[in-house]
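Biologist: I would like to go through this model one feature at a time. Please give the general idea first and then the case at hand.

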Amino acid sequence: MKLGFIGCGNMAGAMMGGIIKNEIFKPDEIIGADISVPGRESVKKKYGIHVTDSNKEVVENAEVVVFSIKPQYYQEVIEEVRNLVKPGQIMLTIAPGKTLEWLGKEFGKDVKIVRTMPNTPAMAGEGMTAVCPNENVTREELEYICRILESFGKAEIINENLMDVVVGVSGSSPAYVFMFIESMADAAVAGGMPRKQAYHFAAQAVLGSAKMVLETGKHPGELKDMVCSPGGTTIEAVRVLEQKGLRSAVFEAVGACVNAARTI
């Protein structure tokens, strides 16, 4: 096997989907472990990968192992498998708060570790993943990991001190965006639009706006000004958002998320 997952939840499934769709690995080159029978059977049925209830089996058989489990389980799982890790294997983590230093101490030996922070838009092939390797990972190995991660979106190498900030601005932020879309749709429903149609209009507006930021290179404020005609409807909506503290609420929410990531 070339790729293994310890944990087969939503994030792991999103990664598997992009990897298989873009033919980075074939389904029979991927193995996933999960203590939940429905969890592992779900990814087996959807993606056709090998599944097991044994974390050790994954580490014994995969070249790259993704620890797609909640942060509170890392210590227990690493203790279970660390003696099975072989030279040349790469351990890829996705847990906020678990630093490369902490991970290295838990493994208790020289291990190739790449710390990452993906997000759930990977399910739609539009994920954003932060990447940070330890000193044991070669440039070629890092490029290999980035190719895997870019199969379900974008990947960017960062300094580790920014990883908790990534959690706030990217890893957790889809939840904020979903709330924004839901709020806009609710208002449209109140105005008489059918709910399904309201979600379509709101979500497409967010998608298109995000693409404008990425593709034009213009400052978001400049793009906002382009929509705000003098005395028009948009500037009135912007006035209310400013009055209600949208900027401050988002600023404080991201900050709270970053602080939470630092204390996990």
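Biologist: At what angle do the axes of helix 7 and helix 8 cross, and within what distance do they come?

Modeller: Two packed helices are described by the angle between their axes and the distance between the axes. In this predicted model, the axes of helix 7 (residues 163-171) and helix 8 (residues 173-190) cross at roughly 25° and come within 6 Å. Angles under 35 degrees count as roughly parallel, and helix 7 and helix 8 are therefore roughly parallel to each other.

Biologist: Which residues of helix 7 and helix 8 meet?

Modeller: From helix 7, Val167, Gly168, Val169, Ser170 and Gly171 meet Ser173, Pro174 and Tyr176 of helix 8. By class, this contact of helix 7 with helix 8 has four nonpolar and four polar residues, and no charged ones.

Biologist: At what angle do helix 4 and helix 5 pack?

Modeller: The angle between helix 4 (residues 74-81) and helix 5 (residues 100-107) is about 40°, and their axes are 9 Å apart. Helix 4 and helix 5 are therefore oblique to each other. Their crossing is right-handed.

Biologist: Which residues of helix 4 and helix 5 meet?

Modeller: Helix 4 brings Tyr74, Gln75 and Ile78, which meet Trp102, Leu103, Glu106 and Phe107 of helix 5. By class, the contact of helix 4 with helix 5 has five nonpolar residues, one polar and one charged.

Biologist: Now the sheet. What is the order of its strands?

Modeller: Strands of a sheet pair through backbone hydrogen bonds, either parallel or antiparallel. Here eight strands form an open sheet in the order 3-2-1-4-5-6-7-8, and the pairing is mixed. Strand 3 (50-52) and strand 8 stand at the edges with a single partner strand each, so one side of each has no neighbour in the sheet. On average, neighbouring strands of this sheet are turned by 25° against each other, direction ignored.

Biologist: In what sense do strand 7 and strand 8 pair?

Modeller: Strand 7 (residues 127-133) pairs with strand 8 (residues 153-157) in the parallel sense, over five bridges. Gly127 stands opposite Gly153 in strand 8, and Ala130 has Glu156 as its bridge partner there. Between strand 7 and strand 8 the chain passes through helix 6 (residues 139-149), and this β-α-β crossover is right-handed.

Biologist: Which strands do helix 4 and helix 7 lie across?

Modeller: Helix 4 lies across strand 1 (3-6), strand 4 (64-67) and strand 5 (90-93), and runs at about 150° to strand 4. Helix 7 lies across strand 6 (112-117) and strand 7, and runs at about 35° to strand 6.

Definitions and conventions. Residues are numbered from 1 along each chain as its sequence is written. This is a predicted model: local features need pLDDT of at least 70, side-chain atom pairs count only at pLDDT 80 or more; totals for chains, interfaces and linings use all residues. Side-chain values use heavy atoms; hydrogens and water are left out. Axes are lines fitted to C-alpha atoms, for helices over the stretch in contact, and angles run from 0 to 180 degrees between N-to-C directions. Helices (H or I, at least four residues) and strands (E, at least two) are DSSP runs, numbered from the N terminus. Angles under 35 degrees count as roughly parallel, over 145 as roughly antiparallel, 65 to 115 as roughly perpendicular and the rest as oblique. A crossing is left-handed if the near helix is turned anticlockwise from the far one by less than a right angle, and right-handed if clockwise. Contact means heavy atoms within 4.5 Å. Ala, Val, Leu, Ile, Met, Phe, Trp, Tyr, Cys and Pro count as nonpolar, Asp, Glu, Lys and Arg as charged, and the others, Gly among them, as polar. Two strands pair if DSSP finds at least two bridges between them. A crossover is right-handed if, with the strands pointing away from the viewer, the path from the first strand over the helix to the second runs clockwise.
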